Every structure is written in C-alpha cells, then in structure tokens.
Amino acid sequence: MSTALYSGSFDPMTNGHLDIITRASRMFDHLVVGVIYNPNKSPLFSVEERVSQIQRVTADLQNVSVDHFTGLLADYVNANRFDAVVRGLRATTDFEYEIQMAQMNARLFAPGIESVFLMTSPEYSFISSSMVKEVVSLNGCVDGLVPETILEEIKHKFNV
Ligand code: COA
C-alpha cells in the first residue's frame, strides 16, 4: 500500500490546495494532509481549526485523512513510513524554494522516500493563503478560490 504526505500551513486551505489533494489522492492508496505549525508565521486559524476545516472539505475523499505535527518534516515522514511527500508547484518562483527543500529532505528522509511535485492547475496558480486573507480582510471577493465553508470562517475572523 502506497502512502503519501501533503503538508503545509493551510492557513487557510484554498481551492489550490484542494486541487492538489484531489489529484494526489488518485495517485496513492492513502494520502495524509499534514497541518504544520510554522513558528515563523502568525496564523489566523489554530491548528485544530485548520484540521477541522480540511476534514470537512475532504470528507468525500475516502483515502484522505488529516493530521498535524510540529518539528522537522523528515522526522514525521520517517516515523510514519510514508512513501512520498507531495508538493504543489504554482510558478517558476516556487521551484527555487522547492528544489532546496527537496534536496535537503533527500538527505534527511529514510532511503526510498521521494518528493513528488504536481503542477498547480492554471486557475489556481496565483493563489496563496496570505493573499486570500488580505483580500477578504479588505472586503474583496475571493469566490471560487476558497471552499465556501472556509470562506465564511475567514470572514467571521475579520468581522466582514
Ligand atoms: N495552491 C495554493 N496555494 C499554495 C499552493 C497551492 N497548490 N502551494 C503552496 N501554496 C501557498 C500556501 O498557501 C502558502 O501561502 P502563504 O505563505 O501565503 O501562507 C505558501 O504557498 C507556502 O506554502 P507551503 O509551501 O505549504 O509553506 P508552508 O510554510 O505552509 O509549509 C513545509 C512548508 C511544511 C513543507 C515546510 O515549512 C516544512 O517542511 N516545515 C517543517 C520544518 C522542516 O522540516 N524544515 C526543513 C525543510 S527542508
């Protein structure tokens, strides 16, 4: 059985992330979405809120589960014996960061664990969680970019 991890901050999850999750779920027997607490970012949503949002939005994907972790990604990956770590590439600018991370992780992962990259669908190639938050906070429209139920929660946080 093949298992993969798709990890990130997901603060909040966007339709760009959901696109990657849906496509990756067809490539592996089991996909874990791993919410990470990144101390360099000040999150809008707690880890628990983010896990609950992702669980709700992926409920119809039978082979997808949601977890959270802190610390080194490679430690979590090795301990859980994943076969692969999935990453989405939105633009050439993502490549610089991703290749550095993949090459560092290659040193840290147990033998045989691969980083796998999926190109983001073009309609989501410009989205980031920060941009979504900024636009919503200023009362702008992000319809179609974020799952409906999560959009309501973002609006609630910003009182808009
Ligand atoms: N669609 C939409 N947005 C996307 C996206 C996609 N397909 N892919 C990435 N993004 C966005 C995210 O929303 C995020 O936006 P933000 O910066 O506005 O919040 C941004 O791109 C970066 O996302 P991501 O690459 O998921 O970064 P991250 O900080 O959320 O998580 C980890 C990256 C978890 C893989 C990395 O930080 C990590 O491994 N941390 C653990 C510590 C560690 O092991 N470090 C050593 C690594 S070698």
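Let's start on helix α1, where Asp19 and Arg23 sit four residues apart, about one turn of the helix. Helices (DSSP runs of H or I, at least four residues) and strands (runs of E, at least two) are numbered from the N terminus. An α-helix has 3.6 residues a turn, so residues three or four places apart point the same way. Asp19 and Arg23 form a salt bridge, which is defined as a side-chain nitrogen of Lys or Arg within 4 Å of a carboxyl oxygen of Asp or Glu.

Before going further, a word on the model: it is predicted, so local features need pLDDT of at least 70 and side-chain atom pairs count only at pLDDT 80 or more, while totals for chains, interfaces and linings use all residues. Residues are numbered from 1 along each chain as its sequence is written, and side-chain values use heavy atoms, with hydrogens and water left out.

## Salt bridges

The structure holds seven salt bridges. Here are some of them:

| Pair | Closest N and O atoms |
|---|---|
| Lys133 and Asp11 | 2.8 Å |
| Asp19 and Arg23 | 3.1 Å |
| Asp94 and Arg90 | 3.0 Å |

How accessible are these residues? We call a residue buried under 20% relative accessible area, exposed over 50%, and partly exposed in between (1.4 Å probe, protein chains only). Asp19 is buried at 12%, while Arg23 is partly exposed at 24%.

Lys133 is buried at 16% relative accessibility, and Asp11 is buried at 6%. Together with Arg50, Asp11 and Lys133 are linked in a network of salt bridges.

Which residues of α5 are buried? They are Ser129, Val132, Lys133 and Val136. The buried residues of α5 pack against α1 and α6 (148-158). Just after α5 comes Asn139, with a positive phi of about 70 degrees.

Now look at strand β4 (residues 84-89): six of its six residues are buried, so it is largely enclosed by the rest of the structure. Ala84, Val86 and Gly88 cover one side, and Val85, Arg87 and Leu89 the other.

Two strands pair if DSSP finds at least two bridges between them. β1 and β4 pair in the parallel sense over three bridges, and Ala4 stands opposite Ala84 in β4. β4 also runs parallel to strand β5 (residues 114-119), joined by six bridges, with Val86 opposite Val116 in β5. From β4 the chain crosses through helix α4 (residues 92-108) to β5 in a right-handed β-α-β crossover. Right-handed means that, with the strands pointing away from the viewer, the path from the first strand over the helix to the second runs clockwise.

In strand β1 we find Ser7, which is buried at 8% relative accessibility. Leaving aside neighbours within four places in sequence, Ser7 is in contact (heavy atoms within 4.5 Å) with Gly34, Phe69, Leu73, Val86 and Arg87.
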